[in-house]
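The stops below go from one selection to the next.

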Amino acid sequence: MSFGYESNVSKEFYLEHKKLCIKFIAKLAEDFGQDWCENYLLPQLWFFVNEEEEDIKKQVLIALPFLCAEIRYEMIGTKIYKLIKRFVSDKSTEIRKSTIPCLAKIIKIYKEKSKKNKEKKENENINEIKMDPGSVKNFLDLIEKLILDKQKSVREKIIECIGELISPLDKEELSQKIFNFYTNTIGEFYFNKEIEPIKKQKKNIKKKEEKAEDEEKTENVYYYFAFNFPAVLFCYGKEVW
């Protein structure tokens with residue numbers, strides 16, 4: 001099986017063909033299992049990592065959790081971490097946003113596999129249990145980088161996914177920076193909503209359509225903040241409030 005291309009095919013066909021190949025890789029992962037995923041499917045997915053098209057990068061991010069579910073957790077903590085780190089620093093705002101739900105899924109898979117590996121070693125009476133080759137803290141560092149993103153829409157996406165991002169973590173792994181970001185963001189949006197209409201009346205710098213769009217986005221943030229509140233409260237506990 002090969003994913004090469006002929007030079008006389010249109011750019012549109014290239015794009016659709018690449019997207020189909022990535023979807024195919026994701027679907028094959030569960031059926032083929034660990035060895036094939038690590039030795040064949042993951043290298044094939046790497047073929048698309050350096051593509052410039054946003055649609056291809058987004059499709060790679062969708063496919064990654066399917067492969068992570070099959071490969072060893074050591075590879076998630078090393079190779080997959082390095083790949084996600086690249087996407088977190090991507091120049092495209094849309095790619096950085098798309099990385100967040102992918103990161104949430106990968107952290108959950110990584111923690112589950114890490115826990116099973118630890119239990120297995122304990123059951124086999126192995127005294128020395130080595131630390132993960134790539135600690136979960138590395139993934140938390142990526143979240144902390146995203147909460148400082150210069151684009152507001154990326155930070156909004158963190159609020160949308162924050163419950164998924166932190167729920168797999170042990171209490172001692174939780175970051176105070178992420179908690180502070182969550183609580184500070186609602187204040188930022190609330191106060192901006194109060195004072196922004198005054199600014200608009202004085203300067204009249206936005207059209208009505210843009211105003212309606214901004215208000216809708218703000219309402220979405222309120223919704224995601226409330227939706228994820230039980231998860232944040234459960235994970236961090238009442239002591240931090």
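Select Lys-18, Glu-51 and Glu-53: a network of salt bridges links these residues (a salt bridge is a side-chain nitrogen of Lys or Arg within 4 Å of a carboxyl oxygen of Asp or Glu). The structure has 13 salt bridges. The model is predicted, so local features need pLDDT of at least 70 and side-chain atom pairs count only at pLDDT 80 or more, while totals for chains, interfaces and linings use all residues. Residues are numbered from 1 along each chain as its sequence is written, and side-chain values use heavy atoms, with hydrogens and water left out.

Next, select residues 54–68, helix α2 (helices are DSSP runs of H or I with at least four residues, numbered from the N terminus). Its 15 residues reach 22 Å from first C-alpha to last, close to the 21 Å expected (1.5 Å times one less than the number of residues). Centre on Ile-62, where α2 bends by about 25° (the angle between axes fitted to the seven residues ending there and the seven starting there). Pro-65 follows within four residues.

The axes of α2 and α3 come within 12 Å and cross at roughly 160° (axes are lines fitted to C-alpha atoms, for helices over the stretch in contact, with angles from 0 to 180 degrees between N-to-C directions). That makes α2 roughly antiparallel to α3 (an angle over 145 degrees).

Stay on α2 and colour by accessibility. Its buried residues include Ile-56, Lys-57, Val-60 and Leu-64 (buried means under 20% relative accessible area, with a 1.4 Å probe and protein chains only). Which residue forms a salt bridge with Lys-57? Select Asp-90: the closest N and O atoms are 2.8 Å apart. Lys-57 has 9% relative accessibility and Asp-90 has 10%.

Move to Arg-96 in helix α4. Arg-96 forms a salt bridge with Asp-149, with 2.6 Å between the closest N and O atoms. Asp-149 sits in the loop between α5 (136–146) and α6 (152–166), so this pair joins parts 53 residues apart in sequence. Both Arg-96 and Asp-149 are buried.

Finish at Lys-111, whose salt bridge with Glu-173 has its closest N and O atoms 2.9 Å apart. Lys-111 is in α4 and Glu-173 in the loop between α6 and α7 (176–203), so the pair ties together parts that are 62 residues apart in sequence. At 15% relative accessibility, Lys-111 counts as buried.

Key: Helix = DSSP H or I, 4+ residues; strand = E, 2+ residues; numbered from the N terminus. Buried < 20%, exposed > 50% of the residue type's maximum accessible area, 1.4 Å probe, protein only. Parallel < 35°, antiparallel > 145°, perpendicular 65-115°, else oblique.
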